[in-house]
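Let's learn to read a few features of a model together. Have the viewer open as you follow along.

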Amino acid sequence: SARAPLTSGLPRCRLGPSAKPSVEAMPSTDHMMSDKAMKYLLCRPSVPAPLDPNFCPFVLGKRMYMKHIAQTTQKDAVAELHFAVERPGGCCGRDKLPVFTSSHDGFDASVFLAGEVIRYMLWQRGGLKLILCGPPNLCAALTAAFGPGGKYEFEAKTMPKIYGIPWSVTTVATVEELPKSVELPVVCGKVADGCRIAFDLGKSDVKVVAVKDGEVLGSAETEWDVTNPDPQYHYDVIVKAMKDIAAKLPGPVIAIGGSATGAVSADSEATWCDCFPNVPPDVYKEKVVPIFQNIARNEFGNVPIKVINDGEVTAVAGGQMVGEGCLFGISLGSSEGSGYVDADGNLTGWINENAYCPCDMNPEGPANVWSPHRGDASMYLGQRAATRLAKKGGIDLPEDMDPEHPNMNQTNHGPHAQCLKKIQAAMKDPAKEPEARLIYESIGVFLGYTIAQYCEYLDIKNVLILGRVSSGDGGQIMMDVAKKVLEADFPDLAGIKFHTPSEHMKRVGQCVAAAALPEL
């Protein structure tokens with residue numbers, strides 16, 4: 001997830017040695033889309049991305065596919081695929097997709113799109129069991145794709161890490177046998193009354209704040225080594241930071257709120273947090289999954305604790321800032337961090353790992369260094385969206401910042417942060433600005449079409465944009481182009497309101513929102 005800072009300008013201290021993290025990118029293993037599938041899925045947007053002319057928005061590719069389906073007159077050529085994705089706690093996502101049967105030329109397109117639609121739901125909501133109902137040969141193809149050695153083996157291996165439950169795929173004969181759709185909103189507190197502490201676990205530091213009755217009394221930042229394989233090290237770093245900041249409160253801590261990168265369960269379990277990448281799986285399950293509850297119980301008298309994904313705390317704080325719900329918050333940082341609050345300010349209970357969701361159908365789109373797939377949102381709505389287009393935007397780059405250089409195709413964020421600074425400097429140079437702004441116009445195109453894609457499952461009326469990529473004039477350019485996209489291709493969504501963080505939110509808004517999460 002992208003970093004959505006809980007605090008800024010804080011005192012820093014260092015604990016322990018820092019090992020060099022692994023930077024090796026995951027190789028892209030997706031097979032090229034077949035020529036037959038391309039005919040049904042690839043199209044040009046009304047608002048093209050100036051520096052990425054082959055960008056084919058997922059949402060438009062699906063729309064074109066549906067038109068082909070509607071225009072089909074061949075007998076017995078169209079059927080329906082229904083699927084369910086079950087999650088712990090009795091929740092279940094349901095969807096359906098009209099599909100071409102194997103007798104039709106568009107069958108390849110149906111296999112491709114069905115797999116991507118399911119992958120999208122998995123990364124948006126999470127899942128431990130996929131249940132299919134549809135044409136037998138299509139269901140067989142999808143079962144293989146989401147199994148060992150299949151196209152989506154990465155998802156099949158990752159979901160068990162999130163839930164601690166083996167992944168499975170089954171097929172049923174009738175739609176009636178599928179589990180019903182069940183979505184349970186997660187209610188979070190909205191008032192930071194009394195003495196509370198809040199924390200944010202990032203990949204470089206642990207941020208903590210002390211809050212009393214909505215007022216921030218203290219804040220601090222502690223660097224840590226996320227690559228350390230010992231969970232006791234992580235426990236001790238977090239606890240020391242929390243106890244040090246709690247000392248600034250006039251009374252005992254009555255509640256703890258927090259955020260972390262990765263997937264956090266509704267019970268505040270660290271089910272798949274990439275702050276602990278080297279903890280062995282069996283030790284992770286025993287020591288890291290319950291780490292937040294253990295800290296609250298063992299160190300703070302078992303006070304209420306609520307921890308959510310870092311993108312979600314952005315949405316919660318954004319909803320409080322604008323005074324409205326139905327808000328999607330997007331942090332364009334090192335990757336895309338995002339979350340959603342409904343009309344009542346409640347969370348979805350989904351994992352919201354939207355950086356892994358497909359957003360570009362272009363078969364030659366950029367590979368996601370964190371997954372084996374191409375066209376994922378992490379390469380379109382974050383730092384790497386800007387840096388991969390920097391050369392095309394006329395930015396003077398050293399050889400090791402060239403988009404094709406190995407340094408720029410690894411998981412290490414450092415070179416991209418430096419490259420982004422060069423882009424931002426060019427935006428302030430009148431001679432370079434006309435070319436450099438095309439980078440932000442392109443990201444604005446990506447943003448507009450991806451928001452429209454998210455609207456398929458979410459009632460979005462407000463969008464909050466933040467993160468380092470959106471700073472300066474580039475942020476406004478992106479929002480203006482995103483609005484143009486919605487007006488051109490999705491007029492029913494043109495009323496969506498875009499927001500940027502107020503000064504209060506930048507300073508303490510997310511701190512207070514995190515501290516308020518536990519209800520007393």
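**Reading a model, step by step**

Q: I'd like to begin with a helix. Where does Glu116 lie?

A: Glu116 belongs to helix H3, residues 107–125. Helices (H or I, at least four residues) and strands (E, at least two) are DSSP runs numbered from the N terminus. This is a predicted model, in which local features need pLDDT of at least 70 and side-chain atom pairs count only at pLDDT 80 or more, while totals for chains, interfaces and linings use all residues. Residues are numbered from 1 along each chain as its sequence is written, and side-chain values use heavy atoms, with hydrogens and water left out.

Q: Is Glu116 buried or exposed?

A: Buried means under 20% relative accessible area, exposed over 50%, and partly exposed in between (1.4 Å probe, protein chains only). Glu116 has 5% relative accessibility, so it counts as buried. Contact means heavy atoms within 4.5 Å; not counting residues up to four places away in sequence, Glu116 touches Phe58, Lys151, Tyr152 and Pro358.

Q: And where is His104 placed?

A: His104 sits in the loop between strand S3 (92–100) and H3. His104 is buried because its relative accessible area is 13%. Leaving aside neighbours within four places in sequence, its contacts are Tyr40, Thr72, Gln74 and Ala77.

Q: What is the strand order in the open sheet of four strands?

A: Two strands pair if DSSP finds at least two bridges between them. Here the order is S12-S11-S13-S14, with mixed pairing. Strands S12 (336–341) and S14 (497–499) stand at the edges with a single partner strand each, so one side of each has no neighbour in the sheet. From one strand to the next, the twist averages 20 degrees.

Q: In which sense do S11 and S13 pair?

A: S11 (residues 327–332) and S13 (residues 462–466) are parallel, over five bridges. Ser331, for instance, has Leu466 in S13 as its bridge partner.

Q: Which strands does helix H12 lie across?

A: Axes are lines fitted to C-alpha atoms, for helices over the stretch in contact, and angles run from 0 to 180 degrees between N-to-C directions. H12 (residues 433–454) lies across S11, S12, S13 and S14, at about 145 degrees to S11. Helix H13 (residues 473–489) also packs on the sheet, touching S11, S13 and S14, and its direction makes about 165 degrees with that of S14.
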